[in-house]
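Colleague: I am new to reading protein models. Could you walk me through a few features, with the general idea before each case?

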Amino acid sequence: MKRYLVSLFVVSVLFVGVWAQSTIVVGTTDKIRTLDPALCYDYFSSNILQNVLAGPVDYKVNSTEIVPNLFESWEVSDDGLEYLFQVRKGVVFEDGTPIDASVFKFSFDRVIKLGGDPAFLLSDIVKSTEVVDDYTFKVTLQYPFSAFVSVLGYTVGWPVNPKVFSADSFYDGAPSASGPYKVTEWIRDVRITLQANEKYFGEKPKTDRIIILFYENAATLRLALETGEIDIAFRHLDPRDIQDLKNSQNVQVIQGESPQIRMLVFNAQKEPFDDPLVRQAISLAVERDVIVEDVFLNMASPLYSLVPMGMWSHEDVFQEGDLEAAKQLLYQAGYDEKNKLVIDLWYSPTHYGTTEADVAQVLMESLEKTGIIDINLEYAEWATYVDYFLNGTMGMFLLGWYPDYIDPDDYLWPFLSESGARSMGSFYVNPVTESVMRAARVATDQEVRSQLYKLVQQDLAFNAPYVSLWQGVETVAAQNNIKGILLEPSQIFRYYLLYKE
């Protein structure tokens with residue numbers, strides 16, 4: 001018995017020592033859906049990839065400036081159709097496999113072939129890829145696109161190891177690392193462990209090990225922070241908890257402006273949301289101010305476009321709430337107090353935090369104030385939720401958006417192009433709007449692009465396949481000894497900059 005107790009003590013000491021040595025523990029209520037760049041199209045999964053893989057380009061830290069990374073340089077043909085990228089030499093995956101032009105061709109072609117959620121970001125614009133030589137990679141576009149290099153700042157264009165990933169199917173495991181960290185353990189919805197990647201070509205992470213723990217709700221996340229179980233709470237604390245923690249002497253709360261936006265999405269091919277009058281009526285019945293004040297305690301701002309405030313070309317295009325105007329549109333659509341519009345509103349209860357149920361409740365109450373709309377609230381956990389909106393099950397649902405690349409195009413093309421709208425579960429089709437967006441992509445003058453995007457936003461409000469609701473702020477709470485937290489405009493949360501003082 002004594003021998004057993006001594007052994008247990010030694011094991012416990014060793015475990016605690018391994019856990020504490022150069023380790024930071026992060027808690028979240030978010031989930032990882034996939035770590036395959038060809039399929040990944042949600043924020044938290046993407047952010048893990050941004051710390052485990054190296055991209056062709058990167059954002060300069062705490063900036064929106066694109067800088068070279070695996071692509072050391074590039075040349076663009078005079079007609080804007082051909083890009084010749086010079087690949088950095090001497091870079092390898094964690095198993096030693098070199099990253100060269102053939103790896104980039106494999107990765108780009110794989111994304112386009114498999115047609116996953118983010119594939120349209122490449123397939124809509126890339127005509128062909130070519131290995132010119134071992135470290136020269138050529139991409140030919142279907143038409144000139146001034147923001148093409150910016151698109152490569154998102155994980156859809158990041159190289160994967162051909163020895164691990166199949167060209168013919170999605171991969172369900174952790175990727176072979178090329179970035180600052182590698183995944184050494186991944187127990188879905190429990191924890192994922194990131195260990196410094198000794199093969200990484202760049203600067204060594206400031207902390208050897210990042211352990212990310214997954215929590216069921218905001219209450220348990222707050223408790224874990226207050227008891228010291230975690231060092232950082234990242235996505236999603238309840239706004240009331242954030243207010244309380246701001247008064248704590250033991251915890252720091254860091255908040256920053258963010259281009260993250262939230263919206264209602266309509267499946268424009270599904271009755272009754274195939275009727276623009278219904279969509280317009282709902283857009284006039286929502287009460288953005290109530291959501292912002294009552295649910296988020298003013299830690300958000302009402303949003304009247306899909307292009308976020310502070311980004312060039314933004315224009316307030318949706319009207320303020322107008323209940324009477326909403327009722328008139330519903331009458332025109334054939335509904336009244338005796339023939340009510342009965343519809344479902346879907347939300348995901350944990351992916352966006354525990355506030356989501358409150359948001360859904362406020363929206364239900366606002367829409368039912370018309371006296372003509374009756375709402376049934378429905379919910380599903382994130383993995384099921386994504387499947388539902390991709391296969392067209394849901395007619396009206398809540399969704400959020402973090403930027404893939406910092407450009408107005410990223411707030412319009414993924415929503416209003418036919419291929420993008422399909423990935424959003426909207427299935428909206430408008431060839432005229434798409435042609436205007438394409439013209440904006442081709443244009444190189446920002447003022448010309450801005451005017452075109454303003455036209456697109458005006459059409460967005462008129463047809464209302466989406467209704468913007470609010471623009472959020474980014475919030476992180478951490479123990480006071482944690483340093484290196486940056487809330488960047490690119491929304492990349494860089495674990496490799498974190499350290500304990």
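Modeller: Let us start with burial: a residue is buried under 20% relative accessible area, exposed over 50% and partly exposed in between, using a 1.4 Å probe and protein chains only. Arginine 235, at 4% relative accessibility, therefore counts as buried. A word on the source: this is a predicted model, where local features need pLDDT of at least 70, side-chain atom pairs count only at pLDDT 80 or more, and totals for chains, interfaces and linings use all residues. Residues are numbered from 1 along each chain as its sequence is written, and side-chain values use heavy atoms, with hydrogens and water left out.

Colleague: Where is arginine 235 found?

Modeller: First, the labels: helices (H or I, at least four residues) and strands (E, at least two) are DSSP runs, numbered from the N terminus. Arginine 235 sits in the loop between E11 and H7. Its phi is positive, about 65 degrees, although arginine 235 is not a glycine. The peptide bond from arginine 235 to histidine 236 is cis, with omega near 0 degrees.

Colleague: Which other residue has a positive phi although it is not a glycine?

Modeller: Asparagine 62 does, with a phi of about 60 degrees. Asparagine 62 lies in the loop between strand E2 (57-59) and strand E3 (66-68). Because its relative accessibility is 43%, asparagine 62 counts as partly exposed.

Colleague: How do I read the packing of H8 and H10?

Modeller: Axes are lines fitted to C-alpha atoms, for helices over the stretch in contact, and angles run from 0 to 180 degrees between N-to-C directions. Angles under 35 degrees count as roughly parallel, over 145 as roughly antiparallel, 65 to 115 as roughly perpendicular and the rest as oblique. Here H8 (residues 276-285) and H10 (residues 323-332) pack at about 165 degrees, with axes 8 Å apart. That makes H8 roughly antiparallel to H10.

Colleague: Which residues of H8 and H10 meet?

Modeller: Contact means heavy atoms within 4.5 Å. Among those meeting are Leu277 and Leu284 in H8, and Leu323 and Leu329 in H10.

Colleague: And what does H16 pack against with its buried residues?

Modeller: The buried residues of H16 pack against H8, helix H13 (413-416), helix H15 (431-442) and strand E17 (466-479). They include Leu452, Tyr453, Val456 and Leu460. In general, an α-helix has 3.6 residues a turn, so residues three or four places apart point the same way.
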